[in-house]
Amino acid sequence: MHTFGRVALSRTTTTGNPYTVSLTLNSGETVVALLIKTVGGTNRAGAAPSWGASSFTQANSTQKAAASPEASAELWYLLNPVPGTNTLTVPNTGAASLRVTVVTAIAARGVSYFDAANGGNGTSTNPTPGAVTCSEPGDFVVAINANGATTWNPSAQAGTIIANTDDGAHGGGEQYAIRANPGAFTLNWTFGTSDDWGAVVAAFYEPQAVAFQNYMGVDCVSDGVMSVTEKIR
């Protein structure tokens, strides 16, 4: 079962190329999710973000409305990092205005794997990146929404709020959920104003414990001749 770790970087605003900041990742943090909102109709330009020598992997793709987008959403992740302090680097060759958030999750068994991702965009009410299918109990699911609404104030959402921020001429939010059971699940925002939006979601699982039967016999063969039966405890 995953648990939510912390907000390690809270929606920092930058136009830096690249944006860099010292980021400490703690022991036990097995999922690092990097959520980026880019302001304007042009996507953030540049290579994949990195933490020290480790590159992030993008979940799904950059999402924005097909017509007259005011912002785009990206979700990147880093799994099972070695604890320590390194520089988080977000390339931004177009010097776009970014909102950068980092959140972490902790797997009880000490290792996390990528499970599934989805993305959506449009010009409508109630933005959602669509469903992901969680394959194991205890998936950590996280999502970002970049929205063109002048007043961003969703009334409800499926997960736990990380942030909902009205940036003036646009806004957006981030949320997460810990899923007790496997199956399809959708993170969404209830918002009655129709405007352009893009949203991305990703899910992460931890492996389940493997049970061995005590005193199960294992036949060992030496030089082609069965010689001994060992016991696994």
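First, the ground rules. The model is predicted, so local features need pLDDT of at least 70 and side-chain atom pairs count only at pLDDT 80 or more, while totals for chains, interfaces and linings use all residues. Numbering starts from 1 along each chain as its sequence is written, and side-chain values use heavy atoms, with hydrogens and water left out.

Now the whole chain. It has 20 strands and zero helices. Strands (E, at least two residues) and helices (H or I, at least four) are DSSP runs, numbered from the N terminus. Of the 233 residues, 43% are buried, meaning under 20% relative accessible area with a 1.4 Å probe, protein chains only. The accessible surface is about 10100 Å², and carbon and sulfur atoms hold 50% of that. That area comes from the Shrake-Rupley method with a 1.4 Å probe. Next, contacts, meaning heavy atoms within 4.5 Å. Take those between residues at least 6 apart in sequence: 77% join residues at least 24 apart.

On to the sheets. Strands pair if DSSP finds at least two bridges between them. E6 meets E7 (residues 71-79) over two bridges. There, threonine 57 has tyrosine 77 as its bridge partner.

A second open sheet runs E10-E18-E12-E15-E14, again five strands and antiparallel. E10 (113-124) and E14 (160-166) are the edge strands. Inside, nine bridges join E12 to E15 (residues 171-179). Valine 141 stands opposite alanine 177 in E15.

What does asparagine 145 touch, leaving out residues up to four places away in sequence? The list is Pro127, Trp152, Gly171, Gly172, Gly173, Trp189, Trp197, Gly198 and Ala199.

Last stop, E11, residues 131-134. In a regular strand, side chains alternate between the two faces of the sheet. Which residues of E11 are on the covered face, and which on the uncovered one? Val132 and Cys134 are on the covered face; Ala131 and Thr133 are on the uncovered one. E11 runs antiparallel to E16 (residues 183-186), joined by four bridges. Alanine 131 stands opposite threonine 186 in E16.

Notes
Buried < 20%, exposed > 50% of the residue type's maximum accessible area, 1.4 Å probe, protein only.
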